[in-house]
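I opened the model to look up its sheets, a few helices and some single residues. These are my entries in the order I made them.

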Amino acid sequence: MSRSTLPFRRRPSLACAALSSALLLSGCGASVDSGDGKDEAASARKTTVQRCGEKVEYTTPKRAVAYEGGSADKLFSLGLTDRVHGYVMPPANPPVSESPWAEEYKKVKKLSDDLLNKEIVVDAKSDFVVAGWNSGFSDQRGITPEILDRLGVQSFMHTESCYNYPKYPEKKAPFDGLYADLDRLGQIFGVEKRADRVVGDLRDRVRAVEAKADKTQDLPVFLYDSGTDKPFTAGSQVPPNDIIKSAGARNIFAGLDERWTEVSWEAVAKAEPEVIMILDYGDQPAGKKIDFLKKSPHTKHLPAVEKNQFFILDYNEGISGPRNIDGLESFATYLQKVKR
């Protein structure tokens, strides 16, 4: 997926103090602790954890590199800031100052504002890299888990991205993939109890939204990522699909067993979306996308456009990470005001 004051909804940045109690325990620079009083990360240990569909033996990392906000957020939410050497943040990502973990970002190095590559990892003397398949890791750019294995650098892939990993694929619903990542990272770093608390809190928040959702409306929603000749959108294998579904609406392309994928404007028009969810990122801001949709002959007569029903989903709420649940809560609130 290509990445980087509106009169529409925009979620304000959150401070650590505004996080739920479980995330307060697990983020905001907390020391690495399994929850039983032992500082297990202080000494290396080995554990076997799944990396997509492959079982891999990991040694407790000391110099992790995170690619994009979703990776860094997962590590910070588990209180692992002192184990993160640095992060790579391409222009698609919104400023880290908008993150709930903005203070944690200040404590680690920004290694690059470009795409992840092998040279960045080697120069950082990293022993662990967190990224997604076909986003951070890429055959074309010569940085894959297999290549890093040969260099003695451990790696971990977002479970959500394992759907089309050619070596050892694994398929989970996007929210389930988020929970699995936090559980697995908890095992790798020896903070299992902390991971349990964080995952438990996220699950509770999702259940609370689902309990209030009006699923009788079958409200059709179109996720617009980018594209003018053909739109780029979300299939069933990425977080926006679960956000839309858990809030009680319907992703018009939920039937596509894909991650981020290209469709036709004719298919969008046929589905008659009542809401358009705009993915907002640095190099393609939401305002320009909305202007295009209002002017394009393909979209200007869609129900969502005529009713001015646009919901802006922050980039880091749309890629796999704890902020997915922030996006869910905001979208559920937005749906309460939608004209039917």
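**Entry 1: helix α2**

I began with α2, where 10 of the 10 residues are buried, so this helix is largely enclosed by the rest of the structure. I note that the model is a predicted one. The buried residues of α2 include charged-type names such as Glu 68, Asp 73 and Lys 74, along with Gly 69, Gly 70, Ser 71, Ala 72, Leu 75, Phe 76 and Ser 77. Just past the end of α2, I found Gly 79 with a positive phi of about 75°.

**Entry 2: the five-stranded sheet**

Next I traced the open sheet of five strands, which pair in parallel in the order β5-β4-β3-β6-β7. The edges are β5 (109-112) and β7 (154-157); each has a single partner strand, so one side of each is left without a neighbour in the sheet. On average, neighbouring strands here are turned by 25° against each other, direction ignored.

β6 (residues 128-131) runs parallel to β7, and four bridges join the two. Phe 128 has Gln 154 of β7 as its bridge partner.

Which strands does α2 touch? Helix α2 (residues 68-77) packs on this sheet and touches β3 (64-67), β4 (84-88) and β6. The direction of α2 makes about 135° with that of β3. Helix α6 (residues 174-189) also packs on the sheet, where its contacts are with β6 and β7, and its direction makes about 160° with that of β7.

**Entry 3: Ser 112**

I looked up Ser 112, which is found in the edge strand β5. Is Ser 112 buried or exposed? Its relative accessibility is 14%, and the cut-off for buried is under 20%, so Ser 112 counts as buried. The side chain of Ser 112 reaches the backbone nitrogen of Asp 114 at 2.9 Å. Not counting residues up to four places away in sequence, Ser 112 touches Tyr 87, Val 88, Met 89 and Ile 120.

I followed the side chains along β1 (residues 46-51), and they alternate. Strand β1 pairs with β2 (residues 54-59) in the antiparallel sense over six bridges, and Thr 48 stands opposite Glu 57 of β2.

Two residues lie between the strands of this hairpin, and Cys 52 takes a positive phi near 55° there. Cys 52 has its place in the loop between β1 and β2. With a relative accessible area of 1%, Cys 52 is buried. What is Cys 52 in contact with, leaving aside its neighbours within four places in sequence? I listed Met 157, Cys 162, Tyr 165, Tyr 168, Glu 170 and Arg 184. Of these, Tyr 168 is 116 residues from Cys 52 along the chain, and the two C-alpha atoms are separated by 6.1 Å.

**Entry 4: the four-stranded sheet**

I found an open sheet of four strands, with parallel pairing and the order β10-β8-β12-β13. The edge strands β10 (250-251) and β13 (310-314) each pair on one side only. Strands β8 (residues 220-224) and β12 (residues 275-280) run parallel and are joined by four bridges; Phe 222 stands opposite Ile 276 in β12. Helix α10 (residues 286-295) lies across β8, β12 and β13 and runs at about 145° to β12.

**Entry 5: Ala 92**

Ala 92 sits in the loop between β4 and α3 (102-105). At 1% relative accessibility, Ala 92 counts as buried. The C-alpha atoms of Ala 92 and Gly 282 are separated by 4.4 Å, although the two residues are 190 apart along the chain.

**Entry 6: α8 against α13**

Last, I checked how α8 (residues 239-246) and α13 (residues 323-335) pack. Their angle is about 35°, and the axes of α8 and α13 are 9 Å apart. The crossing of α8 past α13 is right-handed. On the α8 side the contact is made by Pro 239, Ile 243, Ile 244 and Ser 246, and on the α13 side by Asn 324, Gly 327, Leu 328 and Phe 331.

Notes:
Residues numbered from 1 in each chain as written. Predicted model: local features only at pLDDT ≥ 70, side-chain atom pairs only at ≥ 80, totals over all residues. Heavy atoms only, no water. Pairing = 2+ DSSP bridges. Axes fitted to C-alpha atoms, helices over the stretch in contact; angles between N-to-C directions. Contact = heavy atoms within 4.5 Å. Buried < 20%, exposed > 50% of the residue type's maximum accessible area, 1.4 Å probe, protein only. Left-handed = near helix turned anticlockwise from the far one by under 90°. Polar contact = N/O pair within 3.5 Å; in protein donor to acceptor, adjacent residues only side chain to side chain.
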